[in-house]
Amino acid sequence: LAMCRSRSSIGSKCRPSSILHQSYVSRKLVLALLVLFLDAATHAFRLHVVVTTPKALYASSNNDNTEAAFAAFAQSLEEEQEDSTFDSSKEDNPSTSSWQTSLDRLLDPNTSSAKRQILLSDLLGANAQIRESVVEALRERKIDPILTPTGKKLQDGTRAVARQITMDILPAIAESLRAPERQQRKLAEELPLVVPKIGERIFDALSTQARKKLEQLQQDLANPTRIPDRISKQTSDILMEARNVFRETPEGLVEPKYKLISSSNGYEIREYDGYAAASTSMVKVGEKFSLDDIASGGAAFNAIAAYIFGANEDQRTMKMTTPVTTTSAGEMRFFLADGAEVDLLPQPLAQEASINEKGAVKLLQVPPARLAIARFTGFVTDGEVSRQKDALLNALALDGVEIDVPHGKPVPYFIFQYNPPYTIPIVRRNEIAIPVRAPQAGPTDLKEEWVGDVVASSDDEENMLDYAPSDVE
């Protein structure tokens, strides 16, 4: 721009194409200088590592022994436990490690100083690969070749969120604006019934929390030596919650136990153990369930959260867990880690006798299940769930995995949401799960299975003849 201004002052013209050409040449010059710098710095850094590495690594002055000791030192660092902010290092395959992976780990604030030296050495030795990736990115005019694993996840998450906003969220908002009377009528019918019920539970939970805080204050006054430890723990919890803003899977929360059976392209098969859960319905009997109904979802979440935080008969505060499960029938569930059996858990307050009532918290024992699970990012909308369900069913059909659903029945699904509401959408971890059968668990022949269904149907008809019409509801 400065050159254009100087030329324009003397009457010459500055074309945009010349500016772009000069910018392209400048980028090539910078890349060439970067490669030369990497070549020169490689030898200097390796010399620095040799000087600063402990003497125990150098049992001999022989160069082969030095290289072997250095390799052993690097391998020992690889075995250190890592904790990445974006969880990218945990999913990387060491056999396919690249300079992008090394850069990702180098930029991770939790990487130790010793490990950073090794990673930096690897990057300085990978200047040829870096140069090829940069040239490829410039040639194809795409940033993908130089993205780190974390960068690729953020890119995919951004695309997913943009798709959900344009295809699902904005049309839903426009539809609600076109028919505001229907939305207002629904709220007018439900708020007088749901709000007092959930509000009472939230008040009970807050009262329990206030009582526990008062007891904690009394204990601190009686024993002031507890205060530093408590403050340290609270500070640690705050920092953990701050990290959860950027994490796919939040820290400090317990998940249901499961065994990974297999992994395929885009999904995995898990075998879940049975567990206790607190549940509530997001819709009334006969109503159509929609994941886009934020009010019903928020009311269900608050009702179960109030139970966990003390709105129960024992006034017991339980651990918050993950994920929050939503079923295709419109039921929300929280996994309860405080007891393996429902009988060991405190009962919810104000038990209702009606079935499937909105806002009524109930305890249930979720049986063991084999599930096919696919992960997706962003918001959980009806449109996104439909797309993910179709993609998962297609993948299962191609791989010959049989779903555990009777013929002619709708395919049920579960939605697992792992993150707190304040996690940025482009890194959120959501999963859709569909029940599947174990291999050889059912008839191996399709004809045999259909014949079995026909026989079972005939038996049902014969049994129905034993009842008078007035006996059949």
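Tyr275 is buried in the predicted model, with a relative accessible area of 13%, where buried denotes under 20% relative accessible area, exposed over 50%, and partly exposed the range in between (1.4 Å probe, protein chains only). This residue lies in strand 3; strands (E, at least two residues) and helices (H or I, at least four residues) are DSSP runs, numbered from the N terminus. Not counting residues up to four places away in sequence, Tyr275 touches Pro256, Phe335, Leu364, Gln365 and Val366, a contact being defined by heavy atoms within 4.5 Å. Tyr275 and Pro256 are separated by 19 residues in sequence and by 7.2 Å in space, C-alpha to C-alpha.

The model is predicted, with local features requiring pLDDT of at least 70 and side-chain atom pairs counted only at pLDDT 80 or more, whereas totals for chains, interfaces and linings use all residues. Residues are numbered from 1 along each chain as its sequence is written, and side-chain values use heavy atoms, with hydrogens and water left out.

Twelve helices and nine strands are assigned in the protein. Of its 473 residues, 34% count as buried. Among contacts with a separation of 6 or more, 72% involve residues 24 or more positions apart.

In soluble globular proteins, nonpolar side chains tend to be buried together. A nonpolar core is taken here as a set of buried Ala, Val, Leu, Ile, Met, Phe, Trp, Tyr and Cys residues joined through side-chain atoms within 4.5 Å. The largest such core holds 37 residues, of which Tyr307 and Ile432 touch the most other members. Two or more residues are given to this core by each of strand 2 (267-272), strand 3 (275-281), helix 10 (294-308), strand 5 (331-335), strand 7 (369-376), helix 11 (382-398) and strand 9 (430-435). Helix 10 supplies the largest share, five residues. Leaving aside neighbours within four places in sequence, the contacts of Ile432 include Ala372, Ile373, Ala374 and Phe376, together with Val385, Gln388, Lys389 and Leu392, and also Tyr413, Phe414 and Ile415.

Arg375 is found in strand 7 and is partly exposed, with a relative accessible area of 38%.

Four aromatic pairs are found in a search of the whole structure; rings of Phe, Tyr and Trp (its six-membered ring) pair if their centres lie within 6.5 Å, with planes under 30 degrees apart counted as stacked, over 60 as edge-to-face and the rest as tilted. Tyr258 and Tyr272 form a tilted pair, with 5.0 Å centre to centre and 40° between the planes. Tyr258 belongs to strand 1 (residues 258-264) and Tyr272 to strand 2, so the pair ties together parts that are 14 residues apart in sequence. Tyr258 is partly exposed, at 32% relative accessible area, whereas Tyr272 counts as buried at 7%. Ring pairs link both tyrosines, Tyr258 and Tyr272, with Phe416 into a cluster.

Charged side chains also lie over aromatic rings, the criterion being NZ of Lys or CZ of Arg within 6 Å of the ring centre and within 35 degrees of the ring normal. Arg270 lies over the face of Tyr258, at 4.6 Å from the ring centre. The charged end of Arg429 sits over the ring of Tyr418, 3.8 Å from its centre.

Helix 5 (residues 113-125) has 13 residues and spans 19 Å from its first C-alpha to its last, close to the 18 Å expected at 1.5 Å a residue; the expected span is 1.5 Å times one less than the number of residues. Its buried residues are Lys115, Ile118, Leu119, Ser121, Leu123 and Leu124.

Most residues other than glycine have a negative phi, and most peptide bonds are trans. Arg141 has a positive phi, near 55°; this residue lies in the loop between helix 6 (127-140) and helix 7 (149-178) and is exposed at 79% relative accessibility. Gln315 has a positive phi near 50° and is partly exposed, with a relative accessible area of 40%. Gln315 occupies the loop between helix 10 and strand 4, and Pro323 is placed in the loop between helix 10 and strand 4 (324-327). The peptide bond from Thr322 to Pro323 is cis, with omega near 0°.
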